[in-house]
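Subject: Handing over the structure

Dear colleague,

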Amino acid sequence: MERYVCIHGHFYQPPRENAWLESIEWQDSAYPYHDWNERITAECYAPNATSRILDDEDWIVKIVNNYAKISFNFGPTLLAWMEENSPDVYQAVLDADQSSQPNFSGHGSALAQAYNHIIMPLANHADRYTQVLWGIRDFEHRFGRQPEGMWLPETAVDLETLDILAELGISFTILAPHQAGKVRQIGSDAWSDVSGGHIDPTMAYELQLPSGRKLSIFFYDDIIARGVAFEGLLSNGRNLAQRLTGAFAESPSHPQIVHIATDGESYGHHHRFGDMALAFALNYIEENNLATITNYGEYLEKNPPTHQVEIIENTSWSCPHGIERWRSDCGCNSGGHPKWKQAWREPLRNALDWLRDDIAPRYEEMARQFLNDPWAARNEYIEVILDRSPDNIQQFLKRYATRELNDAERVTVLKLLELQRHALLMYTSCGWFFDDLSGIETVQIIQYAGRVVQLAQELFGDDTEDHFLQLMETARSNVAQQGDGRKIYEKFVKPAMVDLAKVTAHFVVSSLFEEYNEEAKIYCYPIVLEDYQSFASGKATLALGRAKVSSEITHESDLLAFGVLHFGDHNINAGVRGYQGEEPYGEVVREITQSFSVAEFPDVIRLMDKHFGTSSYSLKSLFRDEQRKVLGRILESTLSEIEASYRQLYEHHFPLMRFLADLGTPLPKSLRSAAEFILDIDLHIALSNDNFEVERIKGFLDGAAVWDIHVDAEGMQYELQHTLEKIMMSFMSTPEELPLLNNLTDAVALTQSSAFDVDLGKVQNLYYEMLQSARAEFENKARQGDKTAAEWLAQFLALGQQLSIRVS
């Protein structure tokens with residue numbers, strides 16, 4: 001009887017984009033990476049695209065794409081980010097689905113996912129339908145085929161949701177064993193109770209839906225899945241293979257499939273090198289003919305269901321209380337703060353439900369003035385989200401508008417549809433999953449609600465925000481200083497809100513530190529600079545001008561005049577107002593420049609208040625990433641002064657410090673601080689320098705070791721990793737450069753002799769590519785007596801040894 005193994009990875013991150021900028025801003029908690037998407041991509045998504053299989057001596061013998069051998073789904077919003085920010089990994093995911101199809105009887109391994117991971121049974125019917133449809137359309141756009149299966153967020157399930165899946169052409173989904181209630185053989189009237197996780201997970205089941213439709217359900221092996229996710233099973237690939245193949249019954253009555261489903265992040269992010277355990281296990285099973293690796297679509301085609309199932313509604317895989325984790329204080333949390341309560345979950349959901357239900361009829365009423373069917377247009381808006389080009393938007397409006405719309409009407413329609421998009425994003429499940437109302441994931445969904453509020457007030461001109469905040473007041477944080485939902489909204493969301501004037505303010509302030517072309521772009525806001533005049537007086541700088549600013553999302557635009565005064569430090573005063581014509585604009589420029597030319601700065605500020613209003617902007621008005629960059633430049637001179645003082649202290653007392661170290665005497669705090677400060681700076685510079693000086697770096701590291709100084713190891717590992725990758729890419733493009741190869745060999749040797757735990761994954765990947773390509777050319781030359789080629793070959797093979805790659 002056939003034996004099949006299938007491993008499913010649910011790869012997902014919540015949407016983290018700023019609701020106004022459509023981009024993720026700097027997240028300090030992800031250091032040394034820019035944000036958590038970038039960090040988890042480096043730790044999990046990229047390694048699984050190029051995972052190592054090791055031999056018994058831990059040498060790399062093969063690099064494989066795990067995605068091609070498993071079943072997987074990626075969240076659509078994560079794939080959208082990946083397409084833009086990690087295109088090589090994104091392409092590897094798409095390629096894996098393509099290459100899996102011939103291996104699995106034409107069935108691709110990728111599954112779709114409900115769009116932005118909302119808890120489906122807690123949504124209304126319209127939102128569920130849109131979530132499934134958007135998930136399908138996004139999948140088709142990226143993978144070029146219709147999805148066979150769909151992953152339900154948190155496997156939260158009810159019959160209404162499953163009926164929508166079946167209606168839209170989905171063939172199967174995956175649930176946890178405890179979500180099954182009864183089973184019976186097809187054709188039999190006798191049901192057997194399998195509640196409590198007692199269902200046989202080694203086959204597919206048929207579910208008869210109230211509508212008469214059918215859907216196939218797979219119930220994964222939760223014991224092995226728990227071992228993978230929480231019990232260290234990924235510490236050894238052979239153990240994983242044996243656990244999977246040991247789950248087969250000895251005398252089965254049907255072709256068995258042993259399959260598990262876990263968060264894909266288990267394979268690398270939650271468990272370092274988990275991707276390698278996965279790669280080894282799959283390879284071990286295949287090489288030893290222990291079972292056939294398959295995916296759900298192939299197994300279902302070869303082994304249609306012989307049994308029917310009834311599910312237990314309103315259940316999920318991650319809450320033993322059903323779906324209460326996303327609407328009540330059920331006791332489920334991360335475990336990091338055992339004394340905290342999650343009573344905030346219910347009032348938060350109540351506030352969002354009120355907001356959704358309040359805007360729905362008004363959306364429909366206003367949208368009917370322009371659209372044939374407002375809800376059908378919302379469903380199809382995914383086509384615009386995937387392609388915001390003017391031509392595509394025009395085609396969308398041709399299909400769904402009641403008539404040809406003018407510019408103002410197009411803006412209104414796009415705002416209405418954006419209102420609905422953010423009303424879906426604000427239900428992303430992670431907002432309720434963790435411990436507190438002030439957590440990063442919860443603030444993110446409140447930000448999406450803030451965008452809904454802002455658009456509602458622009459479109460309908462009412463007090464939506466007031467009532468929403470009254471409801472938010474009833475959600476209380478466990479952190480006393482964070483207060484309640486209103487305070488969190490006012491502290492984190494209100495300041496993040498953006499309009500065209502604020503975009504212009506960001507532009508003009510950053511223009512003092514960065515040169516822009518006449519056409520620029522600040523995130524999703526194109527800027528056309530019509531006039532820009534800059535003046536200097538001592539350390540002070542004045543800039544005045546006008547620009548047309550527009551939104552790629554809503555297509556609203558405005559012509560705005562601006563002025564900014566910079567005193568040479570962190571004190572900046574900027575103003576923005578609507579352009580009122582050439583004559584008034586010229587008068588503003590004349591008045592302000594006259595006062596500035598005689599250094600009457602108080603008059604300049606007074607005139608800016610007069611002409612631009614008291615709503616002034618400063619460094620605080622910059623968006624987070626640019627703010628960091630500008631502050632870095634402003635602090636350069638200050639930090640240089642501090643560095644000079646510390647360096648003088650360090651160099652002057654260096655002999656004494658060495659003498660104290662030889663005696664085994666701890667350094668005085670002041671000298672230790674100087675050494676730590678200077679060595680940290682010198683190491684950061686040396687490790688990020690393309691001209692890699694190994695001996696100099698070793699000297700710095702020796703100094704740190706002698707004085708037992710703790711440097712920024714995590715940041716330095718990150719810098720060293722990226723420097724090595726740059727050197728390796730240069731070598732790959734010019735492999736004949738022997739000095740570059742020697743430098744690379746020395747640099748890799750440094751990672752092995754120092755305390756840095758550097759991720760050499762990308763360097764190994766590039767070397768593995770060269771092993772299959774460039775190596776042969778130099779081998780041929782060496783055989784013909786070329787001494788340089790022979791030296792190159794020896795060094796190249798030595799580099800392979802350093803990288804732990806088995807070279808025959």
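What follows is a short account of what was found, taken element by element.

This is a predicted model, in which local features need pLDDT of at least 70 and side-chain atom pairs count only at pLDDT 80 or more, while totals for chains, interfaces and linings use all residues. Residues are numbered from 1 along each chain as its sequence is written, and side-chain values use heavy atoms, with hydrogens and water left out. Helices (H or I, at least four residues) and strands (E, at least two) are DSSP runs, numbered from the N terminus, and two strands pair if DSSP finds at least two bridges between them.

I begin with a sheet. Six strands form an open sheet with mixed pairing, in the order β7-β11-β10-β14-β8-β9. Its edges are β7 (172-175) and β9 (192-193), and because each has a single partner strand, one side of each is left without a neighbour in the sheet. Within the sheet, strand β8 (residues 180-185) runs antiparallel to strand β14 (residues 307-311), the two being joined by five bridges, and V183 stands opposite V309 in β14.

Next comes helix α8 (residues 274-287), where twelve of the 14 residues are buried (under 20% relative accessible area, with a 1.4 Å probe and protein chains only; exposed is over 50%, and partly exposed in between), so the helix is largely enclosed by the rest of the structure. Its buried residues, among them M276, F280 and Y284, pack against β1 (3-11), α1 (36-49), β2 (51-54), β3 (60-64), α7 (237-245) and β13 (292-293), where contact means heavy atoms within 4.5 Å. After α8 comes N289, which has a positive phi near 50°.

In helix α18 (residues 485-493), the buried residues are G485, I488, Y489 and V493. They lie on the same side of α18, because they cover an arc of only 100° around the axis (taken from the directions from the helix axis to the C-beta atoms). What covers them includes α16 (440-460) and α17 (464-472).

Strand β15 (residues 519-522) has A520 and I522 on a covered face, whereas E519 and K521 are on an uncovered one. β15 pairs with strand β16 (residues 525-537) in the antiparallel sense over four bridges, with I522 opposite Y525 in β16. Two residues lie between the strands of this hairpin, in which Y523 takes a positive phi near 55°.

With best wishes
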